[in-house]
Amino acid sequence: MSIVVVGSVAYDTVETVHGGVVEALGGSASFFSVAARFFAPVSIVAVVGSDFKGEFRRLFEDRNIDLRGLEERVGKTFRWHGRYHEDINLRDTITLSLNVFDGFAPDLLPDLRRCDYLFLANIAPELQERVLSQVTSPKRVAGDTMDHWIENCRADLVRILPRLDILTLNDEEARLLAGEHNLVKAGRAIIKMGPKVVLIKRGEYGVLQFSRERMFAVPAYPLEEVLDPTGAGDTFAGGLMGYLARNGRFDESSLRTAVVYGSVMASFVVERFSLDRLTALTWEDIEGRYRAFIELTDSHHGRWTSQ
């Protein structure tokens with residue numbers, strides 16, 4: 001089953017107490033696609049500038065990630081510079097330059113409009129809606145958002161929520177969208193806004209999954225050290241959607257397994273800067289950590305099997 005991701009491909013400059021990188025490959029579509037490609041075919045819809053490096057393009061091509069929807073324009077690629085605190089959950093944006101991403105208005109190729117699975121990464125809700133109007137009959141649609149869109153484009157965001165099978169957002173974004181500090185209340189309030197499933201990402205504390213009938217909690221995989229959390233949420237989404245596309249089902253058991261695979265992928269990406277850990281991964285690494293993850297959690301989780 002094919003997946004289309006619509007988002008950003010960027011240059012990231014990251015500073016942490018462990019070091020940093022300058023103009024490394026980043027962007028939501030980059031992290032998502034490399035993670036999802038372990039499970040299913042992926043196509044990127046994004047825009048880069050004429051300064052986009054051939055080595056980064058080859059990184060995608062070497063993994064057979066479809067780049068026909070990666071538009072190149074004259075100008076500079078989207079850039080983000082962030083600095084993390086000693087508490088890795090806190091960061092400051094030093095600079096953000098949209099460059100060619102400013103005015104990005106995706107038009108999907110005819111075959112991409114017929115995609116099976118669609119992930120609307122962290123882009124403006126009006127752009128997410130634009131893409132939704134182009135796809136014909138996707139089996140599943142997932143979307144991400146951020147505090148900026150919740151605060152400044154709330155009406156646009158709320159309008160598309162009923163069209164999402166899955167909404168992913170972090171704990172602070174969930175509180176902001178729902179107007180509830182308690183995350184259980186927040187998750188249930190967001191479900192009433194229309195998405196079938198809400199996944200609240202809580203960093204080192206794991207993921208809360210809400211549906212109309214159930215709530216489910218998945219812990220994060222315990223790590224001794226987190227080097228760079230940039231892209232962890234998009235990597236989580238890549239593992240999640242990748243497994244769903246590979247498995248082909250959307251029942252409770254499949255969704256829970258997908259959340260675990262998403263958490264496994266996110267646990268890898270934070271171990272190094274940029275995409276360095278993901279590009280060094282093997283399927284055996286993923287399966288090994290998945291099994292270790294299951295052993296760490298309740299014994300009844302063992303009934304989930306990888307398909």
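This is a predicted model: local features need pLDDT of at least 70, side-chain atom pairs count only at pLDDT 80 or more; totals for chains, interfaces and linings use all residues.
Student: Good. Which residues of α7 are buried, then?
Tutor: In α7, which covers residues 183-191, the buried ones are L183, A186, G187, I190 and I191. Looking down the axis of α7, these buried residues fall within an arc of 135°, so they line one face of the helix.

Student: Why would spacing like that put residues on one side of a helix?
Tutor: An α-helix has 3.6 residues a turn, so residues three or four places apart point the same way.

Student: And what do the buried residues of α7 pack against?
Tutor: They pack against β10, α6 (171-178), β11 (197-201) and β12 (207-211).

Student: Let's take β11 from that list. How many of its residues are buried?
Tutor: Five of the five, so β11 is largely enclosed by the rest of the structure. V197, L199 and K201 point one way from the strand, while V198 and I200 point the other way.

Student: Which way do the neighbors of β11 run, parallel or antiparallel? Start with β10.
Tutor: β10 and β11 run parallel and are joined by five bridges. One example is N170, whose bridge partner in β11 is K201. On β12, the pairing with β11 is antiparallel, again over five bridges. There, V197 has S211 of β12 as its bridge partner.

Student: What's going on in the hairpin of β11 and β12?
Tutor: Five residues sit between the two strands, and G203 takes a positive phi near 60°.

Student: Which residues other than glycine have a positive phi, say N64 or S274?
Tutor: Both of those. N64 has a phi near 55°, and S274 also has a phi near 55°. For context, most residues other than glycine have a negative phi.

Student: Where is N64, and is it buried or exposed?
Tutor: N64 lies in the loop between α2 (54-61) and β5 (66-73). At 58% relative accessibility, N64 counts as exposed.

Student: And S274, buried or exposed?
Tutor: S274 counts as buried, with 8% relative accessibility. Its place is the loop between α9 and α10 (276-279).

Student: Which strands does β9 pair with?
Tutor: One is β8 (residues 117-120), which runs parallel to β9 and is joined to it by four bridges. Another is β10 (residues 166-170), parallel as well, over three bridges.

Student: What do β8, helix α3 and β9 make together?
Tutor: They make a right-handed β-α-β unit, with α3 covering residues 125-132.

Student: What about T145, what does it touch?
Tutor: T145 is in the loop between β9 and α4 (147-152), and at 2% relative accessibility it counts as buried. Not counting residues up to four places away in sequence, T145 touches N122, I150, L157, L167, T168, L169 and E173.

Student: Last one, the whole protein. How many helices and strands are there?
Tutor: There are 11 helices and 13 strands. The radius of gyration is 18 Å, close to the 19 Å that the globule rule gives for 307 residues, so the protein is as compact as a globular protein of that length. Buried residues make up 55% of the 307. Among contacts between residues at least 6 apart in sequence, 62% join residues at least 24 apart.

How values were computed
Residues are numbered from 1 along each chain as its sequence is written. Side-chain values use heavy atoms; hydrogens and water are left out. Two strands pair if DSSP finds at least two bridges between them. A crossover is right-handed if, with the strands pointing away from the viewer, the path from the first strand over the helix to the second runs clockwise. The radius of gyration is taken over C-alpha atoms; the globule rule is 2.2 Å times the number of residues to the power 0.38. Buried means under 20% relative accessible area, exposed over 50%, partly exposed in between (1.4 Å probe, protein chains only). Contact means heavy atoms within 4.5 Å. The arc is that of the directions from the helix axis to the C-beta atoms.
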